Number of protein chains: 2
Amino acid sequence: MKIIAEIDKMRTYAKIMKKNNKMVGFVPTMGALHGGHAALIQAARKQVDIVIVSIFVNPVQFGPNEDYGKYPRNIKADEELVRSAGADVIFYPKKEDVYPEGYSTYVGVEGITERLCGKSRPGHFRGVTTVIAKFFEIIKPDIAYFGLKDAQQAFVIKKMIKDLNMDITLKIMPTVREADGLAMSSRNAYLSPAERRDAAFLNKALETARESVLSGERNSKKIIKIIREIISKATSARIDYVSVVDTVSFKDMARVKNGALIALAVYIGKTRLIDNLVVDITGKASDGEKKGKRRALQARA
Amino acid sequence: MKIIAEIDKMRTYAKIMKKNNKMVGFVPTMGALHGGHAALIQAARKQVDIVIVSIFVNPVQFGPNEDYGKYPRNIKADEELVRSAGADVIFYPKKEDVYPEGYSTYVGVEGITERLCGKSRPGHFRGVTTVIAKFFEIIKPDIAYFGLKDAQQAFVIKKMIKDLNMDITLKIMPTVREADGLAMSSRNAYLSPAERRDAAFLNKALETARESVLSGERNSKKIIKIIREIISKATSARIDYVSVVDTVSFKDMARVKNGALIALAVYIGKTRLIDNLVVDITGKASDGEKKGKRRALQARA
């Protein structure tokens, strides 16, 4: 496995691979890798010839009072995970090469970035789309892989690819969870043992919401209330938002429909965690009409 | 020569050319083509294998009170000019394909877009960089050609290419002028005969400024005063700005240096015209030190 730090070398490598008709897959990360990242890399390994993983803690997607400085960094452990997940290259650029002095160009998706996490984190998604647009230009991947855990990020990138006519296929992969259901996240490392126990309430609440939807509940307010009530049992939890939204507009939906995103952001102590589920009511002709077949709700790309 | 309207067909064509190791040159235009555009196409013809010219009046670069509706459109005449200048393809997309319903992604260069034309035309350059970024994604040219007449546009695109790591070479070509020195522009068609005579004062003023610089004047204020005085002789003229700026930051320069941009925007009646020159004081070690060799100031990329 190669580790490439220089942007020009990364570009040249990717160009040569494409010249040789290799399909290139790209997994952008901020490092502090976990099982969710491993799953993305493994998925890419199965589908493309060359798997490139970027590790870059992107300063422009952090707000002034956020955790850029303390965001976990552990390149040695990351290297091991990427190697054993089967990638070919780690792209590990320096901050001053990605954003040289006088840097001033930004890519922004409007509308959907102002809701949910975008509301609590102004400028966050603009930072994400900018760095991803840059890395797409350098690597020119055929397929890029994102996790559904960061659902809004994935759908914002999807919108950017569509709007800017980027010739890239986006794959959104299911959230990978710990044994107790907590969505894997680099930020879980911030949690104290007590907070770690509280954090499990997030998925518990979403699972209860899932059951409620599968039992026929379609009123978003009621679903949100169920989730809020469960999370309020966790003493260290403070809810940022719980929402039922459409994945294209990210606007609130009064009624839960197939494909709706039930998303939440919750502070556990000082750590802001997010999680979600995409509603999948299969076998039902329309809301509450048939009570026949129902499959489990699944994360869908 | 092909005319391609569909974005997917344009992408496929360009991809096939690149697969066959053809170098692709791209000349983006808004149509209403003139000798300036012809010069860009001819330059491309000499340097690349495949020359693609886009014709698209880009709505998002026009302000609400600007001339989007009345901007000259004449595809038949444009087709003739493009053909005789030697291009291979006209890319002629529909507005609703470039900006489908719900479109919401924008590429913006900050700082330099807020000055000169950007100050008078808020949002203009964001519209330009967005559409150019899109067309670059569709065509993936090796070289893109822009005219120095729209100097700020060219330098903004240059900054976007650099900041977003686009793998594209930018060529900025000299301004092409009418016999009396007026810079060729699609907007010259708006001028009445009297206004057309007044418009010639713009280049006359710039030429006088050039002479003054070559005679040793380095005080920007004095240069600007010379220009303003000459233009004020044109009764239909109303100056928007006359500035001496650095081509990287677009900040005002107190003293004229080699490579400085002397730029102006002037309303002739209701028509807003722009022109400029890039200072080229060759053979001079530093400001006013040697009065030896001096070449004519030339437009430089």
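What covers the buried residues of helix H2 of chain B?

**View 1. Helix H2 of chain B and its surroundings in a predicted model.** Helix H2(B), residues 35-47, spans 19 Å between its first and last C-alpha, close to the 18 Å expected (1.5 Å times one less than the number of residues; helices are DSSP runs of H or I with at least four residues, strands runs of E with at least two, numbered from the N terminus). Its buried residues (under 20% relative accessible area, 1.4 Å probe, protein chains only) are Gly36(B), His37(B), Ala38(B), Leu40(B), Ile41(B), Ala43(B) and Ala44(B). Their cover includes strands E2 (24-29), E3 (50-55), E6 (143-147) and E7 (169-173) and helix H3 (75-85) of chain B (contact: heavy atoms within 4.5 Å).

**View 2. An aromatic pair in chain A.** Over all chains, 20 aromatic pairs are found (Phe, Tyr or six-membered Trp rings with centres within 6.5 Å; stacked under 30 degrees, edge-to-face over 60, the rest tilted). Phe62(A) and Tyr71(A) are edge-to-face, because their centres lie 5.7 Å apart and their planes at 75 degrees. Phe62(A) is buried at 9% relative accessibility, and Tyr71(A) at 7%.

**View 3. An aromatic pair in chain B.** With centres 6.3 Å apart and planes at 40 degrees, Phe56(B) and Tyr99(B) form a tilted pair. Phe56(B) lies in the loop between E3 and H3, Tyr99(B) in the loop between H4 (95-98) and E5 (105-109), 43 residues apart. Both residues are buried.

**Notes.** Residues are numbered from 1 along each chain as written, chains are lettered from A and ligands numbered from 1 in written order. Local features need pLDDT of at least 70, side-chain atom pairs 80 or more, while totals for chains, interfaces and linings use all residues, and side-chain values use heavy atoms, without hydrogens and water.

Key: Buried means under 20% relative accessible area, exposed over 50%, partly exposed in between (1.4 Å probe, protein chains only).
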